[in-house]
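Here's a quick tour for anyone just getting started with structures. Take a look at the model below, then work through the notes one topic at a time.

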Amino acid sequence: MKEDRVAADALTAGTGSTAGAPLISVEDLHTSFHVAEGEVKAVSGVSFTLDRGQTLGIVGESGSGKTVLARSIMRLNLGSNVVTTGSAVFEGRDLLGLSSADMRSLWGTELAMVFQDPMTSLNPLVRVGRQVTEHLRQHFGVSRAAARQTAIDLLTEVRIPDAEVRLRAFPHELSGGMRQRVSIAIALACEPAVLFADEPTTALDVTVQHQILNLLGREQRERQMAMVLVTHDLGVVAGRTDETIVMYAGKVVEQAPTGRLFSDMRHPYSEALLRSIPRIGQPSHTRLAAITGRPPDLVNPPSGCSFSPRCPYVQARCVEEAPPLAATDDPDHRFACWTPVGSPEARDSFGRNLAAGLPQTVVVGGAVAGRSQGLADTIADDGAGA
Amino acid sequence: MAGTGSAHLRPVDEVLVSIRDLVVEYPVVGRRTVKAVSGISLDIGVGETLGLVGESGCGKSTTGRAIIQLPPPTSGSVVFDGVELTGLSEKEMRRRRTDLQMIFQDPISSLNPRRRIGDIVAEPLDVWGPHDAAEQARMVDEMLDAVGIDPGVARDKRPHEFSGGQCQRISIARSLVLGPRLLICDEPVSALDVSVQAQILNLLRDLKEEYNLTLVFIAHDLAVIKNISDRVAVMYLGKLCEIAGSDDLYANAAHPYTEVLLGANPEPDPGAHLDFEAIDVVELPSPIDPPSGCRFRTRCVHASDLCAAEEPQIRRVAGDHYVACHHPLVAVPG
């Protein structure tokens with residue numbers, strides 16, 4: 001059945017009817033939760049497109065809306081207090097307008113998800129084998145024997161040793177890394193077109209994280225899947241995604257091809273996230289440029305730019321007027337900031353803020369608010385200054 | 001990696017904590033034992049930060065807990081400030097624990113959700129004094145202030161009203177209110193966002209200066225360990241692999257396992273070479289029946305017959321850099 005679809009795609013591409021249309025196109029997506037305190041604007045106006053075989057990283061702190069965004073597209077935000085507006089068009093159909101029954105036929109077969117905690121996302125009472133074959137049996141009516149063979153193949157593919165024996169195992173009998181590999185096998189079972197991975201390695205050791213990310217990357221390439229990788233760690237998206245979206249307080253603050261984001265970072269929040277990561281290349285006891293303060297209250301967000309209370313380059317305009325997400329000279333690289341990293345405005349306001357003793361500026365300390373030296377040098381300077 | 005030996009130890013009277021031949025084993029069904037820690041020797045100087053790094057199951061947390069005798073080790077000795085802790089009675093050990101405190105990975109579950117922050121931080125004082133309410137309140141406020149929590153706002157709130165990073169600050173305040181000399185930090189930033197992680201690491205460094213603390217810092221993240229530690233000990237399956245000053249360890253990794261850990265660290269650099277085919281999923285051997293000789297040999301690309309036959313002894317590489325390996329990656333004298 002999957003082959004049919006791929007063949008059909010090739011046909012339509014040939015006739016040009018959907019040629020050039022992205023696999024997923026998200027337009028002006030908003031998601032709010034209505035709670036006692038008011039309306040929590042978890043996602044505010046996010047747009048992006050994703051093609052077959054492409055990977056997108058969504059990066060931000062806890063509460064930035066990255067998980068809610070992924071779950072909104074998957075239609076997994078349940079509850080009568082959730083309002084999602086905008087559109088998320090997948091192969092010509094707006095997911096936000098589909099009935100639950102239609103969504104259910106897409107879950108697993110076209111859109112699949114790997115969650116952060118494999119212990120809670122797997123059913124503790126059901127053997128691994130049945131969890132892997134559930135989608136196949138449900139959606140494609142595959143025979144029990146054929147499903148079993150597919151499950152063995154899948155578990156072998158995700159490097160589970162003795163796959164035949166492990167089919168009989170319960171989740172608690174497996175290590176954390178093995179459980180996450182089982183989750184990946186489940187997600188891949190029906191060969192989905194898009195895989196959402198929501199912090200798939202946050203609960204795991206570095207070595208296991210490395211294996212899981214490599215495994216996801218390899219499967220994504222071999223199957224020509226589209227993948228959305230949600231994480232709080234810029235180190236995870238570097239080199240593993242084609243495009244990266246940086247989110248803050250429910251909004252996209254910077255969006256660029258991943259290489260470009262790192263080489264030409266413009267938003268102060270992206271820069272702050274990168275600066276706060278301890279690096280192996282830094283000398284021991286380097287003082288980290290932590291982001292001061294906390295993410296804003298999403299019921300009553302600050303006026304103007306929501307990052308302004310924590311931004312070292314803040315100036316009067318930032319508090320009065322929210323900056324639009326605008327393109328740079330490269331139309332694929334967009335950011336929302338009045339005082340972008342490396343601009344003369346940023347340099348001026350940094351100097352003023354440092355003199356005024358603003359804590360977020362003092363933290364960055366001697367680091368030069370300029371791109372003339374390049375980010376790597378700035379970080380090296382941080383080290384020398386500590 | 002099985003390293004045993006004591007070549008790397010300093011004289012007992014020069015250090016705050018001296019751990020010798022520490023063994024921690026747990027009985028499991030079938031009369032078998034989990035060998036969580038198998039003969040670790042370490043020492044920690046006054047004012048030093050010792051990082052313990054390794055994968056889950058390497059025994060790093062067990063080692064940290066064995067220092068404060070929670071639970072007491074199966075065998076071996078832990079000398080703290082000249083006093084042998086393993087021989088103390090339960091009552092004497094309780095008194096001693098005011099000098100040795102611990103903070104944990106999950107800041108939210110390590111605070112009692114039904115109690116107010118002021119009471120949580122004051123609890124150690126309820127046990128050991130001072131018992132004067134006004135004096136207690138003053139000490140609690142001072143401590144909360146030191147960890148960056150506004151006491152006026154926080155005192156009467158409960159843990160669920162705070163974020164993970166703030167709860168970790170409150171845990172730190174509770175652990176420091178009795179004025180301990182040694183603080184054991186068991187993965188204190190692993191559950192936190194990168195931005196909050198940086199705040200907590202900076203805070204621990206500041207508090208260490210201010211209160212003259214000695215730290216044992218346990219983590220699986222090499223970059224975090226390097227940032228905070230003076231010396232780093234790499235552990236694998238209950239054994240010590242390598243120990244060195246932190247800059248030295250990362251510049252001249254001598255143990256193949258250290259190199260594996262370093263290679264797995266996600267560097268925020270899109271130019272870094274990523275080998276997607278490198279998915280050598282090798283499961284950690286069972287700590288019930290660990291491999292003979294060097295315990296790392298089943299995952300080691302340099303393993304030879306010698307590694308299966310004989311456990312490597314800890315040898316000096318240079319200065320205070322020591323490694324337990326038959327085939328170290330850098331030249332080892334002698």
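In this predicted model, strand 4 of chain A (residues 82-90) is joined to strand 5 of chain A by 2 bridges, and the two run antiparallel.

- Zoom out, and you get an open sheet of 4 strands in chain A, with the order 2-1-4-5 and antiparallel pairing.
- At the edges sit strand 2 (38-50) and strand 5 (93-94) of chain A, each pairing on one side only.

**Where the chains meet**
- Chain B puts 38 residues in contact with 41 residues of chain A.
- On the side of chain B that touches chain A, at least two residues come from each of helix 7 (194-211), helix 8 (222-228), helix 9 (246-251) and helix 10 (256-264) of chain B.
- Which helix of chain B gives the most to that side? That's helix 7 of chain B, with 6 residues.
- Sorted by class, this side of chain B has 20 nonpolar, 10 polar and 8 charged residues.

**How confident is the prediction?**
- Chain B has an average pLDDT of 89, and 95% of its residues score at least 70.
- Within chain B, confidence is highest in strand 3 (residues 49-53) of chain B, at 96, and lowest in helix 10 of chain B, at a mean of 89.
- For the model, the scores are ipTM 0.83 and pTM 0.85.

Definitions and conventions
Residues are numbered from 1 along each chain as its sequence is written. Chains are lettered from A and ligands numbered from 1 in the order in which they are written. This is a predicted model: local features need pLDDT of at least 70, side-chain atom pairs count only at pLDDT 80 or more; totals for chains, interfaces and linings use all residues. Two strands pair if DSSP finds at least two bridges between them. Two residues are in contact if their C-beta atoms, placed from the backbone, lie within 7 Å. Ala, Val, Leu, Ile, Met, Phe, Trp, Tyr, Cys and Pro count as nonpolar, Asp, Glu, Lys and Arg as charged, and the others, Gly among them, as polar. pLDDT is the predictor's confidence in each residue, from 0 to 100.
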